[in-house]
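Welcome, and please take a look at the structure below.

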Amino acid sequence: MKRRLPAEWEKQRFVQLTWAHEQTDWNYMLDEVNNCFVEIARNIVEFEDLLIVCSDGVKLRSLLQGIDTKRIKIVELPSDDTWVRDHGGITILEDGKKVICDFTFNGWGRKFPSELDNQITEKLYRLGIFGDNVAYRNCKDFVLEGGSIESDGKGTLLTTSTCLLSDNRNDLSQTEIENKFVEYFGINRVLWLHHGYLAGDDTDSHIDTLARFCNEDTIAYVKCDDRNDEHYEELKKMEAELKQFQTKDGKPYNLIALPMADAVYCEEERLPATYANFLIINDAVLVPTYNSTKDSEAIQILQQVFLDRKVIGVNCLPLIKQHGSLHCVTMQYV
């Protein structure tokens, strides 16, 4: 069978959110994060349907007042946290048919509880949420987070060795990991970044915090120009790696440098504020902002990349207090 991992810019049916609740790590700032989620939801439903997994549908509906809920489907299921990019299903196309691949999520290498999150995708499938013509595949023999991989939709996958080769996930070699990608996704080429990180990141350097495909020839990435910033050397090395990558046609990628957001701290801990954590949806791109002097610059840069989409900033300062951002709390389904 011919398998393909779609690119994020391809036509989507809906986006999933897994909403914060009192039993998550958000309990001390629930109102603040709820407001952020509402803004994300408001922007998504302007362009496409939205699935929300939550603990209390009645409370959620009260939060969504003023939003067109005709495009929203609410499902009550227990969850550990909100990071659906990493516990959500990953859609592939198999001979043109949609298949939801359900991988194991182990809390980014057994750092955090994940048992409830791990059950969500299969439960959604059994409830018929993905549709009658969508198949389900149990891929629980492999630990994989959606935020750790980027697809160009044409068989090339971009990832980081720090995350994918960590022994607290699969403890497999680079070749063994690549073979898994061939098996599950039909990938024929993997681009590995061995440098790049963000302070405060719990994911072991997910690719969606550092570098993103914008189309099959273009990669946007985080660049640090401040020699006194702790990220300077690693991100410079990452940039050098990106410059060595070539498209399937043997040409250099069109590299788009995104600014490093102004440093954000919480109780003296630096938080992983990154503009690379944007979400591509139908006819729009949602970009996380941080009340930073670089917010407008990042939006303008991405608007020049995505000329056929509306680029919209969403304040994600609440999200990075738990070490993630906009792309991390969303998952798209084709």
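Q: What should I know about the model and its numbering before we start?
A: This is a predicted model, in which local features need pLDDT of at least 70 and side-chain atom pairs count only at pLDDT 80 or more, while totals for chains, interfaces and linings use all residues. Residues are numbered from 1 along each chain as its sequence is written, and side-chain values use heavy atoms, with hydrogens and water left out.

Q: How many helices and strands does the chain have, and what makes a run count as one?
A: The chain has 10 helices and 19 strands. Helices are DSSP runs of H or I with at least four residues, strands are runs of E with at least two, and both are numbered from the N terminus.

Q: What makes a residue buried or exposed?
A: Buried means under 20% relative accessible area, exposed means over 50%, and partly exposed lies in between (1.4 Å probe, protein chains only). Buried residues make up 60% of the 334 residues here.

Q: Why is Lys-243 called exposed?
A: Its relative accessible area is 53%, so Lys-243 is exposed. You can find Lys-243 in helix H8 (residues 232-244).

Q: Why is Lys-140 called partly exposed?
A: Lys-140 has a relative accessible area of 26%, so partly exposed is its class. This residue lies in strand S7 (residues 134-143).

Q: Which residues does Lys-140 contact, leaving aside neighbours within four places in sequence?
A: Contact means heavy atoms within 4.5 Å. By that test, Lys-140 is in contact with Asp-102, Phe-103, Thr-104 and Asn-118.

Q: Why does His-323 count as buried?
A: The relative accessibility of His-323 is 17%, so it counts as buried. His-323 sits in the loop between helix H10 (317-320) and strand S19 (331-333). Not counting residues up to four places away in sequence, His-323 touches Gly-200, Asp-202, Glu-269, Leu-271 and Pro-272.

Q: Why is strand S5 described as largely enclosed by the rest of the structure?
A: In S5 (residues 90-94), 5 of the 5 residues are buried, so the strand is largely enclosed. Ile-90, Ile-92 and Glu-94 point one way, Thr-91 and Leu-93 point the other way, and all are buried.

Q: How do you know that S5 pairs with strand S1?
A: Two strands pair if DSSP finds at least two bridges between them. Strand S1 (residues 3-4) and S5 share 2 bridges and pair in the antiparallel sense. Here Arg-3 stands opposite Glu-94.

Q: What joins S5 to strand S6?
A: There are 5 bridges between S5 and S6 (residues 97-104), and the strands run antiparallel. Ile-92 has Val-99 as its bridge partner in S6. The hairpin of S5 and S6 has 2 residues between the strands, and Asp-95 takes a positive phi near 50°.
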